[in-house]
Amino acid sequence: QLPQSARALQDLADFVKVKGGGLLAAAGEHHTPAAFADTPLADVLPVVPLDAAVPRPTPEDRPLTDGYRPQLTPAGQRHPIFRFSPDPAEADRIWNRLPPLYWAAKGYARKPAAEVLAVHPDRPAEGGPGRENHPLALQQFAGAGRVIFLGFDETWRWRFRADEVQFNRFWLQAVRALARARRARAELKLDPAGPFRRGDRIGVKVGFPDDAPAPPDGAVVKVRVTRSPLPGNPGGDAESQEIVLT
């Protein structure tokens, strides 16, 4: 239902590249990245189509019976859209118990600057030497904004019984991650992610996007930490300190 006029698609691309907006593109059986191969959106998507043919839906008399679970890459394990719990061990347990998916998009390859978040567990990547598995979730910074691509469309399976909270969490976190593209290109990460108690040791990391040069050697990267008064203590003083990162 997306307007296919060049103007509408150029507006979307400019929303990402110029305005710093976030865009999520999810493939389905009736629509894959090949539909945008010759449009302004091709520049911002983190994948490049290998076959411009119209996708063929799975025949109804041949249902998909082999399920799979996307395999998270180290970048995907750290990415907020797959952060099902602040505790990494608990997040892994949640991920490994979610119902499997069945359909996956084909006919595309990742762009060199794209960051792969999840891959197919046993299908080799297309259009390459085969040393990588087929990418199913990718992100890429395009201009001032960020684009996430999903090569699957069955997250509704994660709504089964008590796991509906995980379905909701995934999509809320996806929207929040894309909305943050408007704020800053650098990402601030804490290890552990919290909650914290007084006296806890907290690691602070700053990540810079893959498509922009990192700070030069010798550059000083600083993080300002401010602790506000506790609720109910309006007279308390805020404490602030500056951390210089290696």
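User: Why is Val 220 called exposed?

Analyst: In this predicted model, Val 220 has a relative accessible area of 57%. The term exposed applies over 50%, so Val 220 is classed as exposed. Val 220 lies in the loop between β9 (203–207) and β10 (221–227). Its C-alpha atom is separated by 7.3 Å from that of Leu 245, a residue 25 residues apart from Val 220 along the chain.

User: Why is Ile 202 called partly exposed?

Analyst: The relative accessible area of Ile 202 is 36%. Buried requires a value under 20% and exposed a value over 50%, with partly exposed in between; Ile 202 is therefore partly exposed. Ile 202 is placed in the loop between β8 (187–191) and β9.

User: What does Ile 202 touch, not counting residues up to four places away in sequence?

Analyst: With that exclusion, Ile 202 touches Leu 190, Asp 191 and Phe 196. Contact here means heavy atoms within 4.5 Å. As for Thr 155, it is 47 residues apart from Ile 202 in sequence, and the two C-alpha atoms are 33 Å apart in space.

User: What makes Arg 161 exposed, and where is Arg 161 placed?

Analyst: Arg 161 has a relative accessible area of 70%. As the cut-off for exposed is over 50%, Arg 161 is therefore called exposed. Its place is in the loop between β7 and α4 (164–179). The phi angle of Arg 161 is near 50°, which is a positive value in a residue other than glycine.

User: How do you know that the span of helix α1 is close to the expected one?

Analyst: Helix α1 covers residues 6–17, that is 12 residues, and reaches 16 Å from its first C-alpha to its last. The expected span is 1.5 Å times one less than the number of residues, and for α1 this gives 16 Å, to which the computed reach is close.

User: Why are the buried residues of α1 said to line one face of the helix?

Analyst: Leu 9, Ala 13 and Val 16 are buried in α1. Seen down the axis of α1, the buried residues fall within an arc of 55°, so they line one face of the helix. They pack against β1 (22–26), β6 (133–142) and β7 (145–150).

User: What makes the buried residues of α3 line one face of that helix?

Analyst: In helix α3 (residues 88–97), the buried residues are Ala 91, Ile 94 and Trp 95. Viewed down the axis of α3, they fall within an arc of 100°, and therefore line one face of the helix. What covers them includes β3 (71–72) and α4.

Note on methods: Residues numbered from 1 in each chain as written. Predicted model: local features only at pLDDT ≥ 70, side-chain atom pairs only at ≥ 80, totals over all residues. Heavy atoms only, no water. Helix = DSSP H or I, 4+ residues; strand = E, 2+ residues; numbered from the N terminus. Buried < 20%, exposed > 50% of the residue type's maximum accessible area, 1.4 Å probe, protein only. Arc of directions from axis to C-beta.
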